[in-house]
Structures are given as structure tokens and as C-alpha cells.
Amino acid sequence: MSFQPNSPAARDVAYFLHPYTNAKAHEEQGPMIIERGEGVYVYDDAGKPYIEAMAGLWCASLGFSESRLVKAATDQMNKLPYYHTFAHKAHLPGIDLAERLIKLAPVPMSKVFFCGSGSEANDTAIKLVWYYNNARGRHAKKKFISRMKGYHGVTIASASLTGTPVNHPGFDLPLAGFKHTSNPHYYRFGQEGETEEQFATRMANDLEQMILDEGPETVAAFIAEPIMGAGGVIVPPKTYYEKVQAVLKKYDVLMIADEVICGFGRTGNFWGCETMGIKPDILTCAKALSSSYLPISAVMISDDVYQPIAQASADLGVLGHGYTYSAHPVCAAVALETLKIYEERDIVGHVQAVSPHFQKRLHALIDHPLIGETRGRGLIGAVEIVADKATKKPFDPKAGAGALVNKAATEHGLIVRAIGDNIAFTPPLIINDSQIDELFDKMVKALDDGQAALQKAKAA
């Protein structure tokens, strides 16, 4: 494809290496350039509007035009545009945000460590767990267990936690010491005649067997998203976390909750931990912490984890970990204002009010010939495209069913996320009922178009 010389599209292809993009295909296809946003909508450089049903990357919780966040950033820029938090230095936005998060935590927590992204937060959690176990003299207890198709980031260590298929090949990952247990997707992996609770028991047994095979004295922590996001919006079955946490407690393995997608109201409670009954020792969060207007993330640790870390830092002279932008004052100020908006506008209450309609429209898609399963909680959901509803047979990956539906959605003015043949939805938390209807009306059209394209390809 040829692009107009010196156009934004031509310059993008010439200079920009895009994340999660086929670089060679991008040379031909070029970018979709988003120019502005308003509420739950974004507009491309031709002025075409789209419902942003993914809130960007699961993250723009307050939409794309919240003026209070712009003002919070501007005010802080004028007051103190940057300062660090190394060597006993501090600033009020960082202090205030740490205090606020501890008070909002789903279980008692002691301290907050700030980072710049969800990947950094999970990478930091890994390092803190290693430091913690060294401090306790448990030098072999260093292995991490996550889940197949779990998503925890893309830094070298956090990508090793991640269990999605595209994140390891070509990168020499995962690193040694990172293991992946079974994916708790009942629709795909439940056995014939097996109830959800029986399936949950089997998943917990799989985890226990992995801990025993590796050696409990070598396994440090288990990390999980309350609801799996980039792995396809997988909602674990009933009793899953209850049984998993019993296994972890039995073998003195820490529970890390990755709340990067689920936190701050997405699941209908402030934390996904509350929705799914998780009591973490460590919690990581990002994305909706600032509605993603500026990059910031956090790691919260319990006092049981903090005390050995604190003593080790005294013994060693310093906690030798930190980032230039840890608790960046402008990012922290925007995060504080975001949390104020959540409280003042009762965003969790709003999610609880509109999510029944969202889930009703989502689950109604099960009637479409392409859809084998619908799943979700609150304002997060997904549908799974199948070739045969009765047998759950998937399409041949070469058919690109999910990509065809995703392309059709874009043509209809709807931005969704194709995860293989799963289509995910996480709209901004401010979405209303009429916008939910618009979203799913467009999705039905996209499914119809995708079905027609697949039938045409089959006949050819």
C-alpha cells in the first residue's frame, strides 16, 4: 500500500515500531490514527467516531475527556513538575496517594511501592518476594506459579509470569523458575459430566501437584488476575479461589493479586479481589489508578511481607530497588484526583447500576450462530467465536474468525479487542445504558458481517 508522502501514516510506517503489531503487515496496512476523544468515544483523523469498547487497553475508566484530570496534572506541573522519592525524599502527592490506597485496600496492607506500569509493578512484586524470602533465610523459595493464558506484563520477569502464547517465542522466555498451572476456563477445559465445583477442585489439585513436584520449599508465590483479561476474559468457576488459597496457605506460598485490569470498579466492586473472594498478601494495580491519563502503578504489601523487607534493608544498608519515576508527583496527583472522582460520583455504584444491562446484552449474543460462550462480570466481558456451537469446535486459526469480526466492528464504528477468536469488551466505566445498546447493536452487525465473510471464504 502506498501512503501520501510525508503524511502521518507514511511517517508512522517509516519511523514507528508498534507494540503487539505485525511489523511487516504494518508496512502495507499502515496505522489507524486516533486524533481525539470525548466520553466513551474516540475519533480518527478523518473525523469518524468509534465507541471505544476497550477503554483503550482496558484502562481509560473515566473516558477520554475528563477535564478534572487535565487540571490536576496542570496544577501539579505548575507547582512541582518532578521530584524523586529515593533516599528519604518525599512529596505530598506521593504521600497522599499511598495513604489513600492503603485505606482503600481490600484487606489490611502496610506499605505501597510506586512504579510506572503494570509490568513494572509485577516485576517489582517478584523482586520484593525474592528479597523477603532471602530476609527470612529461605534462599531456595524463589519460584513463581501463574496460569496458562494469565497476563502479567512484558518486562523480562513479568513476561515470564505471563502465560499467553505470543509473549515467549522469540524472546527466550520464560526464565527458569517461572511455572504455569492450568487455565481455569470451565467452558474449554471442563470434562464431560464435571460440575463447575468439581472442575475448581481439579484446578486446585493441579496447583497442589505442581507445588509438590517443584518442592514446596522452592515455591514462593502464586499470582492471578481475579478475572483473566488478555487471556480472553476468563471468569474462574465457583469455589476456585477458595480452594486455591487453601492450597497456598498449606504450603506457605504467597498470594499475589494482579488487579491491573480488575481494580477500581471494573468487576462491580472496587477490587476484583472483593468480587472473587481473594485475600492477597501482595496486590498490584495500574491502568484505572489514573484512568490511564498518566502512567502510574502500585504494589501494596502486607505487614507480614513488609517487616522482613524492612529489616533486610537495615541489614544491607538500603532497599536497592527503585525507579526514576516512582510516585512521579504529576502522575500521583492525577491518580489522587481519579480516586476522588470515583468516590464523589460513586463510580462503583454506577457500574453496579448499568452492568446488569451490559451483561444482559452481552449474554444475548449467545443466540448468534458464531458464538459458543459469553462470559463476564460488571463491565468486563467476552464472547468466544466457534465453528460448531454443539461441539465447541473452534475455527481453523488460518480462517482468522476473530480478526474478521474485529475488522467488521471497526467498520461499524466500534473498537473491540480480538484475542484469537475471543472478542473482549471493557468500556469506560462511565458508559450509560443507551451507549451499551449502541455498542452491542454494532457488535451484532459485526458478527453478521464476520459470519458472511467466513461463509464466503469457505465457499471459495
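A cavity, on a 1 Å grid over the protein atoms alone, is a set of points where a 1.4 Å probe fits but cannot get out, while a pocket is an open set with protein on both sides within 12 Å along at least five of seven lines, and lining residues have an atom within 4 Å of a point. Grid points are joined across faces, edges and corners, and a volume is the space filled by probe spheres set on the points.

Before selecting anything, note that this is a predicted model, in which local features need pLDDT of at least 70 and side-chain atom pairs count only at pLDDT 80 or more, whereas totals for chains, interfaces and linings use all residues. Residues are numbered from 1 along each chain as its sequence is written, and side-chain values use heavy atoms, with hydrogens and water left out.

Select Trp 58, Ser 61, Val 260, Ile 261, Gly 263, Phe 264, Arg 266, Lys 287, Ala 288 and Leu 429, which line the largest cavity. About 40 Å³ of space lies in this cavity, and the structure holds one cavity of 30 Å³ or more.

Next, turn to the second largest pocket, which holds about 1,000 Å³ of space. Its lining has 29 residues, and those nearest its centre are Thr 85, His 88, Val 112, Phe 113 and Leu 319. Helix H5 (92-104), strand E4 (111-115), strand E10 (297-301) and helix H12 (303-316) are the elements that give two or more residues to this lining; helices (H or I, at least four residues) and strands (E, at least two) are DSSP runs, numbered from the N terminus.

**Stop two: the nonpolar cores**

In soluble globular proteins, nonpolar side chains tend to be buried together. A nonpolar core is a set of buried Ala, Val, Leu, Ile, Met, Phe, Trp, Tyr and Cys residues joined through side-chain atoms within 4.5 Å, where buried means under 20% relative accessible area, exposed means over 50%, and partly exposed lies in between (1.4 Å probe, protein chains only).

Which residues have the most contacts inside the largest nonpolar core? Select Leu 97, Leu 101, Phe 222, Phe 264, Phe 425 and Met 443, which hold that place in a core of 101 residues. Helix H13 (residues 329-344) gives the most to this core, with nine residues. A second, separate core has 25 residues, among them Ala 125, Leu 128, Ala 157 and Leu 161.

Stay with Met 443 for a moment: leaving aside its neighbours within four places in sequence, Met 443 is in contact (heavy atoms within 4.5 Å) with Leu 365, Val 405, Leu 414, Val 416, Ile 423 and Phe 425. Gly 450 is found in helix H16 (residues 433-459), and Gly 450 counts as buried because its relative accessibility is 1%.

Select Asn 133 in helix H6 (residues 118-135), a residue that is buried, with a relative accessible area of 0%. A polar atom of the Asn 133 side chain lies 2.8 Å from the backbone oxygen of Lys 141. Not counting residues up to four places away in sequence, Asn 133 touches Arg 138, His 139, Lys 141, Lys 142 and Ala 220.

Val 219 is buried at 1% relative accessibility.

**Stop four: backbone details**

Select Leu 173 and Pro 174, where the peptide bond from the former to the latter is cis, with omega near 5°. Pro 174 has its place in the loop between helix H7 (156-161) and E6.

Then select Ala 87, in the loop between helix H4 (67-79) and H5, which has a positive phi of about 50° although it is not a glycine. Is Ala 87 buried or exposed? Ala 87 counts as exposed, because its relative accessibility is 58%. Lys 149, in the loop between strand E5 (143-147) and H7, also is not a glycine and has a positive phi of about 70°, and Lys 149 is partly exposed, with a relative accessible area of 34%.

Notes
A polar contact is a pair of N or O atoms within 3.5 Å; within protein, one must be able to donate a hydrogen and the other to accept it, and residues adjacent in sequence count only if both atoms are side-chain atoms.
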